[in-house]
Amino acid sequence: MKPVIFGCSGPVLSDVEREFFATVQPVGFILFARNIQSPQQLLTLTTDLRLCLDRPDVLIAIDQEGGRVQRMTVPHWQKYPPMAVFGDCASIDRTLAEHALAMNCMLIADDLRRVGINVDCLPVLDVPVDDGDQIIGDRAFAKDPELVAELGRIVVDSFTGAGVLPVMKHIPGHGRALVDSHKDLPRVSTPLDTLRSTDFTPFKSLADCPLGMTAHIVFEDIDPGRPATTSSRVITDVIRGELGFEGILMTDDLSMDALQGDMADRATASLAAGCDLILHCNGDMNEMKAVAGALDTVPGQLQTRLNTLMPVSNSNTSIDRNKLEADYCAAMKRLYRLIEG
């Protein structure tokens, strides 16, 4: 098994992909809109992905946030709101916001479990600033770090309780980025003391989250030469040290333009800096082969930590879906009335 999570190219696995995944044995997979057509098709795909690996401890992830970032959507799944909606409501009625958010996460988790997905790359714990790039925007809860932490806790606990593993992102903070890291490398010049009292706060509060995803961002007051994903200073001193995160740390997508070098270089640099898992999303076979060729097998310590995640993703949780949807709908109507005044 190799320490990587791969994407695949379409809604059905090709023979080439099946053979490649069976040979490489990645830790897991991540799915996108290009992989999704219907609930039955998606369940077939996740089943096939597991059969490629023929083992029980397979992570199958997705970015199912709501708002702009929702891979499973209408007409087969309902459209969920962006996280900022719950932050806006919390400033008026905290109890309602927390209740609605918990139900929102339970419904998303149920959607995922029904189609064989056991990891959601949520919560977004970034704290946005007024002049930041809108790649984060309403994906964030709020500009108040403490509120972000409190609502993020509800997401983590709700997903964990519903049998889906949460991934907090983008550690140690993407909110100050002035450019989209999909397109270029953001550089943040904010002093470290300011970062400690703002951007870092939610991640430190949720340091017990089982999985975390790095930010492809240079923090000039920590390591001016490398983005967090490939910086041992950021990972060792800040993420593992100051923030106290002991969970499994994965990179953001290696194929994003914020990173330099070929895919093999990006993968080895990330692992050398202290990341546990490589994330490569676009399904490009040549790139995946380059990444896989640069990786050794999963070390024993990481295997042990991965094993501790399986009881969550294999839990037999069940809900009264009809009642939950009715309660959620009523709560969201109240929430929107409050927000809209």
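Colleague: Which residue caps the N-terminal end of helix 4?
Modeller: Bear in mind that this is a predicted model. A side-chain oxygen lies 3.3 Å from the backbone nitrogen of T95.

Colleague: How far apart are the end C-alpha atoms of helix 4?
Modeller: Helix 4 has 21 residues, and at 1.5 Å a residue they should span 30 Å. The model agrees with that, since the end C-alpha atoms are apart by 30 Å.

Colleague: And what follows helix 4?
Modeller: Look for a residue with positive phi, near 85°. That's G116.

Colleague: At what angle do the axes of helix 4 and helix 5 cross?
Modeller: Take residues 94-114 for helix 4 and 145-161 for helix 5. Their axes come within 9 Å, and the crossing is right-handed. The angle is roughly 35°.

Colleague: How many nonpolar residues are in the contact of helix 4 with helix 5?
Modeller: Helix 4 brings R94, E98, L101, A102, C105, I108 and A109. From helix 5 come L147, E150, L151, I154, V155, S158 and F159. By class, one is polar, three are charged, and the nonpolar ones number ten.

Colleague: Over to T190, in the loop between strand 8 and helix 6. Is T190 buried or exposed?
Modeller: Leaving aside neighbours within four places in sequence, T190 is in contact with R176, L195 and D221. Its relative accessibility is 15%, and the cut-off for burial is under 20%. T190 therefore counts as buried.

Methods: Residues numbered from 1 in each chain as written. Predicted model: local features only at pLDDT ≥ 70, side-chain atom pairs only at ≥ 80, totals over all residues. Heavy atoms only, no water. Axes fitted to C-alpha atoms, helices over the stretch in contact; angles between N-to-C directions. Helix = DSSP H or I, 4+ residues; strand = E, 2+ residues; numbered from the N terminus. Left-handed = near helix turned anticlockwise from the far one by under 90°. Contact = heavy atoms within 4.5 Å. Nonpolar A, V, L, I, M, F, W, Y, C, P; charged D, E, K, R; others polar. Buried < 20%, exposed > 50% of the residue type's maximum accessible area, 1.4 Å probe, protein only. Expected span 1.5 Å × (residues − 1). Polar contact = N/O pair within 3.5 Å; in protein donor to acceptor, adjacent residues only side chain to side chain.
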